[in-house]
Amino acid sequence: MNPDLHRDILQRIEEFNFKEAKNGYLRGGKCPSCKKKELYTFADKPWVLRCGRLNNCGWEGHVKELYPDLFEKWSERYPTTEENKNPNAAADAYMQYGRGFDLKIVQGSYVQESYFDRELNAGSATVRFAVGTGYWERLIDQPHRFGKKKANFKFGMQYHGTWWKPPSLVLQTVKEIWLVEGIFDAFALLHHDIAAVALLSCNNYPEQALADLATARGNKDCTLVWALDGDGAGRGYTRKWVERAREAGWKCEAATIPQTGKGKLDWNDMHQRDRLRKEDFDEYRYHGALLIAKTPADKAILMYKHDGGSKLEFDFEFGNRLYWFKLDLEAYNKARQMEDDAADEASRSEEEKRDNALYASNTIRQIANCLPTPLYYQENKLTDESWYYFRVEFPHDGAPIKNTFSSSQITSAAEFKKRLLGIAAGAMFSGTTYMLDRMMERQLFNIKRVETID
């Protein structure tokens, strides 16, 4: 870490009252979420602050988000001077300290340029990458001055139908290619030995790039892992592009980062948080598999196997509808015995036989033609009243509905059904009180709390 930046970060995080550094760690800081003195970070590289209460809190924050002003004036902090004649000094610093990249991997793929907005009379240094018929560049000096414009494409350029790939990456021989949205996401995965290309936008299907790849390889014998952002647009286009690519003859999988809270985390964020280990990738692939599951049964079986068979029945969402899965153990044992006794059983793996038995012994029923989700608990201490605030989404194009439910309305299937139908036209719940209890038990655990103001 740059000494000046390291010093500034250490000064800022003094607000958490860490104990003196010991064995390479700063420990005993006060967690901003649970208020317990369990916060810790690395002393020499305090990039991420984490709460040690993983099961009860698990808060973490990157210093780039906690103190954004330290990561905004790259040209001022890292200028090109007589002593340091590197024309890419600010860009290199941004890639190394602002994005967490190893310069040995990323250098040579970009140049430092500049951008100027005449209307705002403001300019910024940029990190520029050659893309399509032009370039894409990231503004690195106080980008908030330009409103929502944090990056810039060359005017009139074309990139749709293609992708950007790291210059060192050779795609002709790899067995798996990850398709992500951003250039920094592709570089983040490259640091973990994953071949990744950037689409630059979730709505860009790389038809020409895939055709060129098939020609260069002489086949389509590789797996496309669609790993777009985890927001609504990214998830929607992941499903759409997987279907389109499969129709074109490509083998497809998906990987997605579960999103919690208002902030969106991407692959570069995960790289900087050290959350791209093998077990992390297994979890992202699991969530990707859930996203592109073809039927409710496919998704339910994935969830059952992921939990190790610990739950014989549970609720789940598919296509903005609620379903209930239930496994009949007796029927499963019989189906499994039939699989073992089948004449062609030697040609099937244990996993195939298990899956066949699972599909033959479960029941799935729709319990709501919409998706009600509790967002937070709100209370008025003066009047001793409280409500649960819900969002109701639909499988059609109708806008989501948001409204409150009382405690009595979420503990009775009949009351829940009436309230749901009252606030959202056509929304029906047909589950039992037992099903509703299990749903609320899971969704209301440690729900966000809001105090109302009279």
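## Sheets, cores and a pocket in a predicted model

Nine bridges join strand E16 (residues 371-380) to strand E17 (residues 385-393), and the two run antiparallel. Here strands (E, at least two residues) and helices (H or I, at least four) are DSSP runs numbered from the N terminus, and two strands pair if DSSP finds at least two bridges between them. This is a predicted model, in which local features need pLDDT of at least 70 and side-chain atom pairs count only at pLDDT 80 or more, while totals for chains, interfaces and linings use all residues. Residues are numbered from 1 along each chain as its sequence is written, and side-chain values use heavy atoms, with hydrogens and water left out.

- E16 and E17 form a hairpin with four residues between them, and Asp 384 in the turn has a positive phi of about 60 degrees.

**The antiparallel sheet E5-E6-E7-E8**

- Four strands make up an open sheet in the order E5-E6-E7-E8, with antiparallel pairing.
- Strand E5 (111-117) and strand E8 (151-153) stand at the edges with a single partner strand each, so one side of each has no neighbour in the sheet.
- From one strand to the next, the twist averages 35 degrees; angles run from 0 to 180 degrees between N-to-C directions, and axes are lines fitted to C-alpha atoms, for helices over the stretch in contact.
- Strand E7 (residues 134-139) pairs with E8 in the antiparallel sense over three bridges, and Arg 138 stands opposite Ala 151 in E8.
- Helix H4 (residues 89-98) lies across E5, strand E6 (122-131) and E7, at about 75 degrees to E6.
- H6 packs on this sheet too, touching E6 and E7, and its direction makes about 60 degrees with that of E6; contact means heavy atoms within 4.5 Å.

- Strand E9 (residues 176-180) and strand E11 (residues 223-226) pair in the parallel sense over four bridges, and Ile 177 has Leu 224 in E11 as its bridge partner.

- A nonpolar core is a set of buried Ala, Val, Leu, Ile, Met, Phe, Trp, Tyr and Cys residues joined through side-chain atoms within 4.5 Å; buried means under 20% relative accessible area, exposed over 50% and partly exposed in between, with a 1.4 Å probe and protein chains only.
- The largest nonpolar core has 88 residues, and those touching the most other members are Met 95, Phe 129, Trp 178, Leu 224, Trp 226 and Trp 267.
- Helix H6 (residues 183-190) gives the largest share of this core, seven residues.
- A second, separate core of 26 residues includes Cys 370, Ala 413, Ala 427 and Met 440.
- Leu 224 touches residues including Ile 177, Leu 210, Trp 250 and Glu 253, not counting residues up to four places away in sequence.
- Nine of the ten residues of H4 are buried, so this helix is largely enclosed by the rest of the structure; among them are Asp 92, Tyr 94, Met 95 and Tyr 97.
- Just after H4, Gly 100 takes a positive phi of about 75 degrees.

**The second largest pocket**

- A pocket is an open set of points on a 1 Å grid over the protein atoms alone, where a 1.4 Å probe fits, with protein on both sides within 12 Å along at least five of seven lines; lining residues have an atom within 4 Å of a point.
- The second largest pocket has a volume of about 1100 Å³, where volume is the space filled by probe spheres set on grid points joined across faces, edges and corners.
- Its lining has 34 residues, of which Tyr 94, Arg 99, Arg 138, Lys 150 and Asp 266 lie nearest the centre.
- Helix H2 (63-66), H4, E7, E8, H6 and helix H8 (232-247) each supply at least two residues of this lining.

**An exposed loop residue**

- Asp 193 is found in the loop between H6 and strand E10 (196-198), and counts as exposed at 76% relative accessibility.
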